[in-house]
Each structure stands twice: as C-alpha cells, then as structure tokens.
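Let's take a walk through this structure together, one piece at a time.

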Amino acid sequence: MSEPSLAIRNFSDLANPTRFLALVAVLWPWLAGLTLCLFAAGLYLSFTTEGDYQQGETVRIMYVHVPAAWLSMMCYTVMALSALGTLVWRHPLADVSAKAAAPIGAGFTFLALVTGSLWGKPMWGTWWVWDARLTSVFVLFLMYLGLIALNRAMDDPARAAKVSAVLILVGFVNIPIIKFSVEWWNTLHQPASVVRMGGPTIDPEFLHPLLIMAVAFTLLFFTLHILAMRNEILRRRIAVLRRHAARAAGRKKGAA
Amino acid sequence: MIALLARDLKLSVRAGGGALIGVLFFMTVVAVIPFGVGPDLNLLSRIGPAILWIGALLASLLGLDRLFQAEREDGSLDLLLMQETPLVLTVFVKCVAHWIATGLPLVIASPLLGLFMNMDEVAIGATALTLLAGTPAITFIGAAGAGIAVALPRGGLLVSILVLPLAIPVLIFGVSAVYAAIEDPAPFLPPFLILIALNLFFAVIGPLAAAAALRLSSD
C-alpha cells in the first residue's frame, strides 16, 4: 500500500486529518514565534508611547481591550464559517474548528469585558453600565458559554457538531448588533474610531501600537486555534482507539 | 395543518398537557416579587411592567422543552418529519399552537397581576398589548432551542440557557414600549413597531433553525 501524499494543493485536501496534522506541525512553531515577536514589539510600544493628556496612563489598557474585543467577534465569525462548513460542505474538520474556537472566543470575550471594566472604573466612574455595546458583548459571552455547554452535553461529537452549528448560525445575529450598537444607540461607549469611513480619527501615537497589538492578538488566536484543533483531532483518535481496544478485549474474553 | 393545530391544542389543554402550569408559574413569580422588594406600592407600580415582562419571559421558557419532547417520546415526531408538507411549516404551526396554549393565557392573566402590582389602567393595557405582541417572538426563537435540545435527556434547563440571550432584545423593546406608554415624552410607537418587527424576524428564523436541528438530530 502506498503512503498517501501529504502535499496540500487545495482547500479540500485539508479534509484529511493526517494532512492537516502534518501542516500544523510545520506551521505552528512559525506562528508562535511570529506571535511572540509581535507581542514583544507591541508591548514595548504600548509602554513607551506617550500617555493621553486626558486619560493619562489608563490609555494603555486600550492596547489589550480593543484587540481582545475585535478577536471576540472575529472568533465568532470563524465559528459561523465553520458551522456553514459543517452544514453545507460537510467538511470533516469544520466541526473540529467550531468546537475548538468556542473556549478561545469565550476567553477573549472575558478579557475584553474585564479590561473594559478596569478602564471604566477610573474613566466612567463605574465598573459596569448597561449600555448597548457592553450588554451585547455580555450576551456574546453567554452564548459562547451556552455553546460550550451544549457541546459538552452530547456524547456523540458528530451530532453535537451539527446541532451546535445551527445554534451558532442563529446566534450570529448578535455580531452585527455588537458592531453597530455604538452607532444605532446613543451610548456611553465611544463609537468606532479606527475602522471607519474617512480614515481613523485616532492619533498615530496610539494607532501604531494598537495595530501591532491587533495583529499579534490575531496571530495568537490562530496559533491557539490550530493547536486546539490538533488536540481535538488527537482526542477523538484516542477515543476511537480506546473503543477498539475495549471491543477487542471483550471479544477475547468471550472467546476464552 | 389545521388538524395539527387542533391536535396540539387539544393535547396541551387536556389532562397531562401542562398548559396551565405556565400561567401558575407566572403568577407565582409575580407574587414572590413583593416579598423580595417589600410591599411598597409606589415602587411596585414603577417596576410592575418590568416584573410582568420578566415573569412572562420565564414562564414561556419553562414550557418550551415540551414543544418537541413529547412527540419524540411517542414517535410522532418521526411521522411529522416524514410527511410531505415542508417541515418549516409544520414547526411554525406547532409554535402557533404552543403559543395559543401557553402564551395567550399569560397575556390574559397579566391585567389581573397588573392590579396586584398597583399599576394604572394605561400601564396595564400597554403591558398586555406588548405581551401580546412580544410573547410569540419568544416562542418562535424558543422553538429553535427546543429543536436543538430535543435529543438531550435533560434538555429543559439547557433550552432556557440557550434561548435567554436571544430573547433579550424582545424583553428590552417590550419593556421600553410599556415605559414609553406610561411616561409622556417618549413616543410609544417606535419601540412597539420594533417589537412587532422582531416578532416577524423570529417567526422566520426560529422555525427554520428548529426544522434544521430536528432533521439533524433525528437518527
């Protein structure tokens, strides 16, 4: 029997978990290294640039808060795409991707909420306000937890994946609400100042570390995501092997 | 379809259907609130609409896990899945029947409970009207959760956890419409129309997602 080629020519070749694992083994040290370098640069810039004339030193919280908030939405988008992959193309790795992304997304959302709250105490004078942006992000956090709970509640991974894919797609309604909540409602949270029509309104002094941190966070997400996917594939293989071993043991006992 | 509607209604009002349990739960929740916040009538009349809305939300979530579970247990769910009419339509009709059996009694009971809360006539009328417009949306989006959790042995609590975040917009606009009706400067129509829009939106999304989930979780 000839060994199947591990070369990856197009996207559907990734459907083979062995090929995917080989790709991950090559890719992840580079991704992790790049993430570390960017974090070093981003953190250095974050702590050496000027403080804001009004906010003082607390402006540095933004360098963590904003990328984490972006990532919390991007992670859900990745999950929604994976859910589409599960339901439409039946891509075998799509459900692994959706399942692996949920805890990471919950982590980033939690980070965004905590840093925002730490910034809100000195700036707004309160830890928490029920404005539209904060509430919708909190709802996002609850949905991440609900999805994790749903995945844990079912023991058959294939069925859990399909059913949670439906829920992910229904919950995607929340993402545009989060994005536009600062424009639709007049709230305490400031409107978008980086990605907007007519260029960013934020000073380059703050923009550069912010962008570098954003790229670093994105790479961190992808590193964690592919490693989590690798773990999930290996976990399923171990489960299958254990089942085989148990069956073989049972057969031996029956024969004896 | 009409036969299905009649069948579901009969099943839910006759013995063992449990349609009235939702109303009882609603009344109990509302009756417990004065013990928690104290019998201050001014305070109660101020927070009354919000309490009625939260009670109705919880009560309609309570019955949701029965939406498909009983059918799954006696096997008629498979018949519904196999028949020729589109499953989305079947789910929609089941949602309507479920709403008439559990949601409508909540709306009818709300004026009485409004009196307990020392609310004035305008507030009572506005609450009943917004509940009438808002509770179908909760049922529709809850159908999606019920379809997802139908295969789980103890899905009831999970349905509430999954559906509650999605039902928050309904609660927000329902309560804000009531307060807009009571307090003079704020206009009543915009939040009320958004509430109806949410209703229509969920009437599309809910049955679609529930039908997809039911197909996927049937073996």
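Predicted model: local features only at pLDDT ≥ 70, side-chain atom pairs only at ≥ 80, totals over all residues.

**A guided tour**

Is R90(A) buried or exposed? A residue with 12 or fewer other C-beta atoms within 10 Å is called exposed, and R90(A) has 11, so it falls in that class.

Now step back to the whole of chain A. It is built from 7 helices and 0 strands, so reading from the N terminus the order is simply α-α-α-α-α-α-α. Of its 256 residues, 32% count as buried. Among contacts in chain A with a separation of 6 or more, 77% join residues 24 or more positions apart.

Next, look at how helices meet. Two packed helices are described by the angle between their axes and the distance between the axes. In chain A, take helix α2 (residues 62-89) and helix α7 (residues 204-255): their axes come within 9 Å and cross at roughly 40°. Angles under 35 degrees would count as roughly parallel, and α2(A) and α7(A) are therefore oblique to each other. The crossing of α2(A) past α7(A) is right-handed. Which residues make this contact? From α2(A) they include M62(A), Y63(A), W70(A) and L71(A), and from α7(A) they include M213(A), F217(A), T218(A) and F221(A). Sorted by class, the contact of α2(A) with α7(A) holds 14 nonpolar residues, 1 polar residue and no charged ones.

The axes of α7(B) and helix α9 (residues 189-217) of chain B come within 7 Å, crossing at roughly 20°. With that angle, α7(B) and α9(B) are therefore roughly parallel to each other. Their crossing is left-handed, and the contact of α7(B) with α9(B) has 20 nonpolar, 5 polar and no charged residues.

Let's zoom in on one residue of that second pair. A213(B) lies in helix α9 of chain B. Why does A213(B) count as buried? The cut-off is 20 or more other C-beta atoms within 10 Å, and A213(B) has 28 such neighbours, so it counts as buried. Leaving aside residues up to four places away in sequence, A213(B) touches A144(B), G147(B) and I148(B) in chain B, and V163(A) and V166(A) in chain A.

Those last two names lead us to where the chains meet. Here 15 residues of chain A face 16 residues of chain B in the contact. On the side of chain A that touches chain B, α4 (132-153) and α5 (157-171) each supply at least two residues. That side of chain A divides into 11 nonpolar, 2 polar and 2 charged residues.

Finally, a word on confidence. The predictor gives the complex an ipTM of 0.71 and a pTM of 0.78. Chain B has a mean pLDDT of 82, with 95% of its residues at 70 or more. Within chain B, confidence is lowest in helix α1 (residues 2-13), with a mean of 75, and highest in helix α7 (residues 121-148), at 87.

Methods: Residues numbered from 1 in each chain as written. Chains lettered and ligands numbered in written order. Axes fitted to C-alpha atoms, helices over the stretch in contact; angles between N-to-C directions. Helix = DSSP H or I, 4+ residues; strand = E, 2+ residues; numbered from the N terminus. Parallel < 35°, antiparallel > 145°, perpendicular 65-115°, else oblique. Left-handed = near helix turned anticlockwise from the far one by under 90°. Contact = placed C-beta atoms within 7 Å. Nonpolar A, V, L, I, M, F, W, Y, C, P; charged D, E, K, R; others polar. pLDDT = per-residue confidence, 0-100.
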